Number of protein chains: 2
Amino acid sequence: MPVVQREVNRFQNFLQGQGLKLTGERASLVREIFSIHYHFDADELLFKMKEKSVKISRATIYRTLELLVKSGMVRRVHLGEDHYHYEHVSGNSHHDHLVCTTCGSVIEFHDPLLEARQIEICGRKRFTPTFHNLQILGVCDSCRRKGEQPDAPDRVKMIGLSAMQLRK
Amino acid sequence: MPVVQREVNRFQNFLQGQGLKLTGERASLVREIFSIHYHFDADELLFKMKEKSVKISRATIYRTLELLVKSGMVRRVHLGEDHYHYEHVSGNSHHDHLVCTTCGSVIEFHDPLLEARQIEICGRKRFTPTFHNLQILGVCDSCRRKGEQPDAPDRVKMIGLSAMQLRK
DNA sequence: ACGCAAATGAGACTCATTCTCATTTAGCAG
DNA sequence: CTGCTAAATGAGAATGAGTCTCATTTGCGT
Ligand SMILES: [Mn+2]
Ligand SMILES: [Mn+2]
Ligand SMILES: [Zn+2]
Ligand SMILES: [Zn+2]
């Protein structure tokens, strides 16, 4: 795993700069996270590590995710569910999300015009933005073709789609 | 309270249509909610009712909020914190939020161009949007002038600003 | 005023996340 | 290589928002 190992090194650099240590648990987590190419949650990570017989506690997973977010290697995102999701940041820059409330799939997009307009709005309100969070919920193309109706707005909450729920 | 009473009637209409009842608790809550002109959370509501010696349980508050959201009279919003906030919907339509991570103040805005651009993006992805959620976090004008620095992105979470935390 | 479906309150429960603390370990100095 | 010590870990307790249960109460149509 050469690509993934590079990320471990990146994390180690960050840790050293903070006087922190690279442990086996942290390295395993980084390798796992940079092998997942979608939006995952903490429980999914815990499950995958268990699958691979990598011994690691829930607390360490949360603690390491926090460090990875601080290092800028991982982003924590809201996808309309009541718990956080994460995604690794590898070169590809900022983007926002379209979330299908029927199947749970997530489409990423980046739109410079949208971003520019936000800056404009902030300027008008004399507001200095540091970051933003945009999710557009709705129905993806394949779900629409299957004739699925969007949930009533008040019921939208991606029921039963989280990784844990699927496997429980 | 003539204005507020109109909202109680609106809610009663909705309830009747659903075969549900207008109770004293529900009426009190509606009156309270339509007297609050900012973004509140469930605990704040519980506290305010206690202050006024209106006996009402936490469960009833959550249940009534759910009904109010269904009726369209209240919106549930994310403001970057890890619990929900609510706002009443009175005539004024959809808007998004600028949230100051220093003082917690919230600026509302509505921008047709921003909305239109989102529709465009969805069309391009063949995605049928039902609603969206946009928060821009940053520093408001008065905080900026006081020389407050924005929190590092990873630490942004409006520490100590929720109504409950302030009063605990 | 009656009857009963709907509503309520108290507190148990869930679930994500954080914390505590006793024990282990990474990494550095010698 | 060895010892030292601050940092890290795991187990499980704690927290906090939100939901649920069920015995009791109440709104409201008749
Ligand atoms: Mn993404
Ligand atoms: Mn608002
Ligand atoms: Zn879909
Ligand atoms: Zn401010």
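**Figure 1. The area buried between chain B and chain A.** In this predicted model, about 3700 Å² is buried between chain B and chain A, and carbon and sulfur atoms give 66% of that area. Buried area is the accessible area (1.4 Å probe) that two parts lose on being put together, summed over both. Three residues, B:Phe127, B:Phe131 and B:Ile136, supply 16% of the area that chain B buries against chain A, more than any other three residues. Contact, defined as heavy atoms within 4.5 Å, involves 39 residues of chain B and 39 residues of chain A.

Residues are numbered from 1 along each chain as its sequence is written, chains are lettered from A and ligands numbered from 1 in the order in which they are written. Local features need pLDDT of at least 70, side-chain atom pairs count only at pLDDT 80 or more, and totals for chains, interfaces and linings use all residues, while side-chain values use heavy atoms, with hydrogens and water left out.

**Figure 2. Salt bridges across the interface.** The rule finds two salt bridges between chain B and chain A; a salt bridge is a side-chain nitrogen of Lys or Arg within 4 Å of a carboxyl oxygen of Asp or Glu. B:Arg117 forms a salt bridge with A:Asp111, and their closest N and O atoms are 2.7 Å apart.

**Figure 3. The side of chain B that touches chain A.** Several elements of chain B each supply at least two residues to this side, among them α4 (58-71), α5 (112-124) and β5 (128-139). Helices (H or I, at least four residues) and strands (E, at least two) are DSSP runs, numbered from the N terminus. The element that gives the most is β5(B), with twelve residues.

**Figure 4. Strand β5 of chain A beside β5(B).** Strand β5 (residues 128-139) of chain A and β5(B) run antiparallel and are joined by eleven bridges; two strands pair if DSSP finds at least two bridges between them. Opposite A:Val139 stands B:Thr128 in β5(B).

**Figure 5. The hairpin of β3(B) and β4(B).** These two strands pair in the antiparallel sense over four bridges, and B:Asp96 stands opposite B:Phe109 in β4(B). Five residues lie between β3(B) and β4(B) in the hairpin, and B:Gly104 in the turn has a positive phi of about 85°.

**Figure 6. Confidence along chain A.** The pLDDT, which is the predictor's confidence in each residue, from 0 to 100, averages 88 in chain A, where 86% of the residues score at least 70. Over residues 151-168 of chain A the pLDDT is below 50.
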